[in-house]
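Biologist: I would like to read this model feature by feature. Please give me the general idea each time, then the case at hand.

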Amino acid sequence: METIKLNNQTMMPIIGFGTWKAPTSDVTIEAVKQAICCGHTMIDCAAVYGNEKEVGEGIKPSRADRKDLFIVSKLWNDVRGYDETIKAFEKTCRDLQVDYLDLYLIHWPRPFKYHDDYVEKNRASWRAMEDLVFAGKIRSIGVSNFKIHHLEELMETARIKPSVNQIEFHPSCLQENVRRFCAENEILVQGYSTLANGKVFACQELVQIAEQLHVTPA
């Protein structure tokens, strides 16, 4: 799998196997196992998906060396604060049956629960994530769904710059301003829902381009 270098020199695979909406059943266990066997070394999950135990059960029988995998998870919106973030991280590791994460993200910048003091709450969670990096428990930290002002607010007090901003990215959601800001600040943009939840297959322009290039619309 081809890789790309993050701003902390960590190498990340350019394609990941996402587990959003994957069921809490043997289906997910087998899917993760087969994905790794087929060469997908980055496994992307999140606490809110509710299936990290199944993802962990899928990783285990693949018999892949842990150092060859790149495991990503995310801190959900109902958790903010230093101690709370540490506990959430530890639960994710237990569910996934791993000792460390390769990338840990704040899932959304301004959750409803912390709407009025989200800046300080995000900064507290980020301090916890930074300390987990210093302790060798996380290799890289980043954010997801952050706009420019969210990134600026976080970076005002950050000791470690975000390595990644994972955002929705597909032909009808280009987020050019966010991508430009991230490029200027050496923050890698990682796209999710790149098939627009299947809507790209109904886009005639993409179908025509794919036919001309002798590839699939995906």
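What follows covers pockets, a cavity, the cores and a few single residues.

Biologist: What ground rules apply to this model?

Modeller: This is a predicted model, so local features need pLDDT of at least 70, side-chain atom pairs count only at pLDDT 80 or more, and totals for chains, interfaces and linings use all residues. Residues are numbered from 1 along each chain as its sequence is written, and side-chain values use heavy atoms, with hydrogens and water left out.

Biologist: How do I read empty space?

Modeller: Rolling a probe the size of a water molecule over the atoms shows where empty space is left. The search uses a 1 Å grid over the protein atoms alone. A pocket is an open set of points with protein on both sides within 12 Å along at least five of seven lines. A cavity is a set of points where a 1.4 Å probe fits but cannot get out. Lining residues have an atom within 4 Å of a point. Grid points are joined across faces, edges and corners, and a volume is the space filled by probe spheres set on the points.

Biologist: What is the volume of the largest pocket, and which residues lie nearest its centre?

Modeller: The largest pocket holds about 990 Å³. Its lining has 33 residues, and Gly16, Gly191, Tyr192, Ser193 and Thr194 lie nearest the centre. Elements here are DSSP runs, numbered from the N terminus: helices are H or I with at least four residues, strands are E with at least two. Strand 9 (188–192) gives the largest share of this lining, 5 residues. Strand 2 (11–13), strand 3 (16–18) and strand 4 each supply at least two residues as well.

Biologist: How does that lining divide by class?

Modeller: Ala, Val, Leu, Ile, Met, Phe, Trp, Tyr, Cys and Pro count as nonpolar; Asp, Glu, Lys and Arg as charged; the others, Gly among them, as polar. The largest pocket has 19 nonpolar, 12 polar and 2 charged lining residues.

Biologist: What lines the second largest pocket?

Modeller: There are 15 lining residues, with Ala47, Glu52, Lys91, Thr92 and Asp95 nearest the centre. Helix 2, strand 5 and helix 3 each give two or more residues to this lining. Helix 3 gives the most, 4 residues. The classes are 6 nonpolar, 3 polar and 6 charged. The volume is about 210 Å³.

Biologist: How many cavities of 30 Å³ or more are found?

Modeller: The search of the whole structure finds 1. Tyr118, Val119, Asn122, Phe146, His150, Glu153 and Leu154 line it. Helix 4 (118–134) and helix 5 (148–155) each supply at least two of the lining residues.

Biologist: How should I read the cores?

Modeller: In soluble globular proteins, nonpolar side chains tend to be buried together. A nonpolar core is a set of buried Ala, Val, Leu, Ile, Met, Phe, Trp, Tyr and Cys residues joined through side-chain atoms within 4.5 Å. Buried means under 20% relative accessible area, exposed over 50%, partly exposed in between (1.4 Å probe, protein chains only). The largest core has 35 residues, and Leu101 and Tyr104 have the most contacts inside it. Helix 3 (residues 82–96) gives the most to this core, 5 residues. A second, separate core of 9 residues includes Leu6, Met12, Phe70 and Leu103.

Biologist: Where does Lys137 lie, and what does it touch?

Modeller: Lys137 sits in the loop between helix 4 and strand 7 (138–144). Contact means heavy atoms within 4.5 Å. Beyond four places in sequence, Lys137 contacts Phe89, Asp99, Tyr100, Leu101 and Leu132. Lys137 and Leu101 are 36 residues apart in sequence, yet 6.5 Å apart C-alpha to C-alpha.

Biologist: Is Ser62 buried or exposed?

Modeller: Ser62 counts as buried because its relative accessible area is 14%. Ser62 belongs to helix 2 (residues 52–62). Beyond four places in sequence, Ser62 contacts Lys33 and Ile36. Just after helix 2, Arg63 takes a positive phi of about 60 degrees.

Biologist: Which loop holds Asn197, and why does Asn197 count as exposed?

Modeller: Asn197 is in the loop between strand 9 and helix 7 (204–213). Asn197 counts as exposed because its relative accessibility is 57%. Its phi is positive, about 55 degrees, although Asn197 is not a glycine.
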